[in-house]
Structure formats: C-alpha cells, structure tokens
Amino acid sequence: MSATNTTAAQSPLEMIAADERALLRTGELARELLTRHADLSLQKASLRYGSEIHLTAPTAEDVRAWAARLDADVTERTNDPGYGPFRHTDVVTVIEGIQVHVRHCHMFSEAEAAAWRESEGQS
C-alpha cells in the first residue's frame, strides 16, 4: 500500500509517484534538521517508508538535547528480555507531517544490571 493516502482511482504509477514525492520531502526535512542542528551529536540517520526519519544518538543526554531543540518529550523505558537489561531513551515528534524519531539504547554493564534488578526486586 502506498505511504500516502491514495484512492482506488489512482493508477499504480501515480501511487509510486506520490510515494516518491513523500520520500523526497522526508529526505529534504532530514537534511534540514541535520544542517540546522549540526552541533548536536548523532551516530546514524535513516529514512523509513511512510514519512519517517530515524536518528540514533550516541547517548541518552544527546537524545535529551534533540528533544529540547525539537520541543518534544523524552520517554525512557528499561527492559530485560533475558540476556541483560537495556534502557531505551526516545523522542518522537511530527514535523510537517513527517515523524522524527531520535533514540539511544544503552546496554547495562553487569554492575548496572545487578543494581537495576535489585531496585526492581529481582535480585
């Protein structure tokens, strides 16, 4: 299905052209953001189908700096899927209809994992 809101009246070629325009605008916004905020740290940037920009920051503090610039809220969650806990720090906002997601994932050291498990009553 097309990333844009298309109707059945559009031909497959028109749908592809609409998707190309949406992806082009997503890329333009990504370049604008990275240029405007060049002083903020990033490790990786990618565009996703469906008008999404994904940015990976080197630290949780960097995610918070991006959140401040984008005037968006930070969320943090810690999970332990069995191979060791990790903390996700994320900010998700929408700019000009395009979702911008800045994230960082911190894998806990053994000492951090033990302290976290103890604080969660899992020791």
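**Figure 1. Aromatic pairs in the predicted model.** Rings of Phe, Tyr and Trp (its six-membered ring) pair if their centres lie within 6.5 Å; planes under 30 degrees apart count as stacked, over 60 as edge-to-face and the rest as tilted. By this rule, the count is 2 aromatic pairs. Y83 and F86 make a stacked pair, 6.5 Å centre to centre with 15° between the planes. Is F86 buried or exposed? Buried means under 20% relative accessible area, exposed means over 50%, and partly exposed lies in between (1.4 Å probe, protein chains only). F86 is buried, because its relative accessible area is 9%. Y83 is exposed, because its relative accessible area is 61%. F108 and W116 make an edge-to-face pair, 6.3 Å centre to centre with 90° between the planes. F108 counts as buried because its relative accessible area is 14%. W116 counts as buried too, because its relative accessibility is 13%.

The model is predicted: local features need pLDDT of at least 70, side-chain atom pairs count only at pLDDT 80 or more, and totals for chains, interfaces and linings use all residues. Residues are numbered from 1 along each chain as its sequence is written, and side-chain values use heavy atoms, with hydrogens and water left out.

**Figure 2. The whole chain.** The protein chain has 3 helices and 5 strands. Helices (H or I, at least four residues) and strands (E, at least two) are DSSP runs, numbered from the N terminus. From the N terminus on, the elements run α-β-β-α-β-β-β-α. The radius of gyration, taken over C-alpha atoms, is compared with a globule rule of 2.2 Å times the number of residues to the power 0.38. The radius of gyration of the protein chain is 19 Å, well over the 14 Å that the rule gives for 123 residues, so the chain is more spread out than a compact globule. Its C-alpha atoms fill a box of roughly 60 × 35 × 20 Å along the principal axes. Buried residues make up 33% of the 123 residues.

**Figure 3. The largest nonpolar core.** A nonpolar core is a set of buried Ala, Val, Leu, Ile, Met, Phe, Trp, Tyr and Cys residues joined through side-chain atoms within 4.5 Å. The largest one has 16 residues. Which of them touch the most other members? They are I53, L70, V100 and V102. At least two core residues come from each of α1 (12-36), β2 (52-56), α2 (60-70) and β5 (98-107). Helix α2 gives the most, with 4 residues. Contact means heavy atoms within 4.5 Å. Leaving out residues up to four places away in sequence, L70 touches L33, H37, T93, I95, V100 and V102.

**Figure 4. Helix α1 and its cover.** Helix α1 has 25 residues. The expected span of a helix is 1.5 Å times one less than its number of residues. From first C-alpha to last, α1 reaches 36 Å, close to the 36 Å expected. Its buried residues are A18, D19, A22, T26, G27, L29, A30 and L33. What covers them includes β1 (44-48), β2, α2, β4 and β5.

**Figure 5. Strand pairing.** Two strands pair if DSSP finds at least two bridges between them. How many bridges join β3 to β4? There are 6, and the two strands run antiparallel. V74 stands opposite V91 in β4. Strands β4 and β5 are also antiparallel, over 10 bridges. Here V91 stands opposite V102 in β5. Strands β2 and β5 pair in the parallel sense over 5 bridges. E52 stands opposite Q99 in β5.

Figure 6. Most residues other than glycine have a negative phi. D71 has a positive phi, near 55°. D71 is found in the loop between α2 and β3 (74-79). It is exposed, because its relative accessibility is 72%. E96 sits in the loop between β4 (86-95) and β5. The hairpin of these strands has 2 residues between them, and E96 takes a positive phi near 50°. E96 is exposed, because its relative accessibility is 56%. In the hairpin of β3 and β4, with 6 residues between the strands, G82 takes a positive phi near 115°.
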